[in-house]
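Take a look at the structure below. We will walk through it one chain at a time, then see where the chains meet.

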Amino acid sequence: MAVFPFVVVVWILGVGLYGIVTSRHLVHLIVCLIVVQSSTYVLLLGVGYVTGAVAPYYFDVPDHTPAVDPVVQALALTDVVVEAAVTALLLSFAIQAHKRFGTLDPQELASLKG
Amino acid sequence: MSVASVHTPYTVPLAMMDVLQVTVLLLVAAAATGVVLTRQPARQVVVLSVYGVLLAVLFLVFQAPDVTLSELTIGAVVLPIILLLTLAKVRKREE
Amino acid sequence: MTPAQRRWIFLVAGAGLVAFYLWGLTGLPGFGNYPGPYGTAILRVAVAQTQATGVVSAVNFDYRGFDTVGEEFILFTAAAGMAVVLRHLRGERDRSALDEAAGRDVPATSGAVRMVALLFTGPAVVMGWWLASHAQASPSGGFQGGVVLATGFVLVYLAGEFLVFKRFSPVDLTDVVEAVGAAGFVATGLTAVFLGMPYLKDFLPLGQYPGAVSSSGTIALISFFVGLEVAAAFILIVGELLDQTLLVRHREA
């Protein structure tokens, strides 16, 4: 249990990378990129977890109850929202590539000299 | 650090939390594999939504409700919408 | 190089990467044994210093506000970048729109989808505002609230049609709202500088009860601005993509 979440993080990263390398469709590639990014969220939250602690919100819990690390949660939170915007930008590039070259296959796109 | 020595405000035993976390981690790993192995982009979007919901549950079990909220709205609403719109746009030009 | 060769090279390199990554991660203190001084130090002083019970939002908008400004501007730039990338192509497409749209009919939206989307639009907008304005109290904040708010507008598109969505969120107004959100965040920080304090320091009165809506000074204000900016950015993003797919149909209707 001490290392199992990190094994899952590495698994998700590896699987996502495999999807990116062997992809035949740009949108499939972008979704695999989303999967790779999500592995970093799990890593961030896994690093900050404290056994037996609660969420760092003291609205209904007495002050100074042991809580998990709030800094990594702040990082992961903005990360998730920004990832969606960057994905949208990548998708607009995919649309433009399709208009320009007529194909969305990354392995065909790589060999174009246009 | 043994489980019994941790001071915790939980009402369930700590071992239950461990079991829950391991279960959700396994589900997340399986869903990630499913997302990558689904080659059709239109179907992949649906599997991505499932993956987003499972990730949200994982973040909740890791005591991070803020990140859960973000991931739920982004993964279940915004990402599928922009992906499906892109696919509709691309398919239109292929006709 | 054939795809099969590429796959083999990846498997070898990927195995090496995974091995090193795993080796590095097992050197960490282990899941659940968080040793770090930064998190525990913040937890000890956050509620007393900022009068905010939502420590994550306090970290986001106060202790590490400068990082959040950067992240917000990534969002801003992505929305602007999309407008630039897709707008250039619209000119080319307009000329051949009629040829492409010949003989294409629009399937009607089902009644169930329209009703459910209509029912949820109001609650989504209210929920978005509630989330954006309660950052200091509970698990909420500008980022989540902004996304839920944008979802409300997208539900308008699902319930009605593209033209209704465009009327509710005209691009000019959304641009202005996004700029107000981004500039408001930066201006709040600069106001602290003009008052002789470091950039983004909390200068508003902190309030008496930790976690009340009017407490925690600039955290609530910044969260409101961030909510505006994120909502506007996502409405712009979805609007741009909708323009791409539906411009042709609109011409023929």
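How many helices and how many strands does chain A have? Chain A has four helices and zero strands. Read from the N terminus, its elements run α-α-α-α. Keep in mind that this is a predicted model.

Now consider the overall form of chain A. A compact globule of 114 residues would have a radius of gyration near 13 Å. Chain A has 19 Å instead. Its C-alpha atoms fill a box of roughly 65 × 30 × 15 Å, taken along the principal axes. Of the 114 residues in chain A, 59% are buried. Look also at the contacts in chain A with a separation of 6 or more. Residues 24 or more positions apart account for 52% of them.

Where is A:Ala67? A:Ala67 sits in the loop between helix 2 (26–47) and helix 3 of chain A. Is A:Ala67 buried or exposed? A residue is buried if 20 or more other C-beta atoms lie within 10 Å of its own. A:Ala67 has 24 C-beta neighbours inside 10 Å, so A:Ala67 counts as buried. Leave aside its neighbours within four places in sequence, and A:Ala67 is in contact with A:Ala53, A:Val54, A:Ala55, A:Pro56 and C:Leu43. A:Ala67 and A:Thr51 are 16 residues apart in sequence. In space, their C-alpha atoms are 9.1 Å apart.

Next comes chain C. Its secondary structure comes to ten helices and zero strands. From the N terminus on, the elements run α-α-α-α-α-α-α-α-α-α. Buried residues make up 41% of the 253 residues in chain C. Take the contacts in chain C between residues at least 6 apart in sequence. Of these, 72% join residues at least 24 apart.

Two helices of chain C show how helices can pack. Two packed helices are described by the angle between their axes and the distance between the axes. The axes of helix 6 (residues 111–133) of chain C and helix 7 of chain C come within 7 Å and cross at roughly 160°. That angle makes helix 6 of chain C roughly antiparallel to helix 7 of chain C. The crossing of helix 6 of chain C and helix 7 of chain C is left-handed. What kinds of residues make up the contact of helix 6 of chain C with helix 7 of chain C? They divide into 16 nonpolar, eight polar and one charged.

Find C:Leu155 in helix 7 of chain C. C:Leu155 counts as buried because it has 22 C-beta neighbours inside 10 Å. Not counting residues up to four places away in sequence, C:Leu155 touches C:Ala117, C:Phe120, C:Thr121 and C:Ala124. C:Leu155 and C:Val113 are 42 residues apart along the chain. Their C-alpha atoms are separated by 9.7 Å.

Now put chains A and C together. Here 49 residues of chain C are in contact with 45 residues of chain A. Several elements of chain C give two or more residues to this side, among them helix 1 (3–26), helix 2 (37–50) and helix 10 (218–252) of chain C. Which helix of chain C gives the largest share? Helix 4 of chain C does, with eleven residues. By class, the side of chain C that touches chain A has 31 nonpolar, 14 polar and four charged residues.

One helix pair reaches across from chain A to chain C. The axes of helix 3 (residues 70–101) of chain A and helix 3 of chain C come within 8 Å and cross at roughly 70°. Helix 3 of chain A is therefore roughly perpendicular to helix 3 of chain C. The crossing of helix 3 of chain A and helix 3 of chain C is right-handed. On the chain A helix, A:Pro70, A:Val71, A:Gln73, A:Ala74, A:Leu77 and A:Thr78 take part. They meet C:Val55, C:Val56, C:Val59 and C:Asn60 in helix 3 of chain C. By class, this contact has seven nonpolar, three polar and no charged residues.

Chain B also meets chain C. The contact takes 16 residues from chain B and 18 residues from chain C. The side of chain B that touches chain C has ten nonpolar, three polar and three charged residues.

Conventions. Residues numbered from 1 in each chain as written. Chains lettered and ligands numbered in written order. Predicted model: local features only at pLDDT ≥ 70, side-chain atom pairs only at ≥ 80, totals over all residues. Contact = placed C-beta atoms within 7 Å. Nonpolar A, V, L, I, M, F, W, Y, C, P; charged D, E, K, R; others polar. Axes fitted to C-alpha atoms, helices over the stretch in contact; angles between N-to-C directions. Parallel < 35°, antiparallel > 145°, perpendicular 65-115°, else oblique. Left-handed = near helix turned anticlockwise from the far one by under 90°. Rg over C-alpha atoms; globule rule 2.2 N^0.38 Å. Buried ≥ 20, exposed ≤ 12 C-beta atoms within 10 Å, placed from the backbone.
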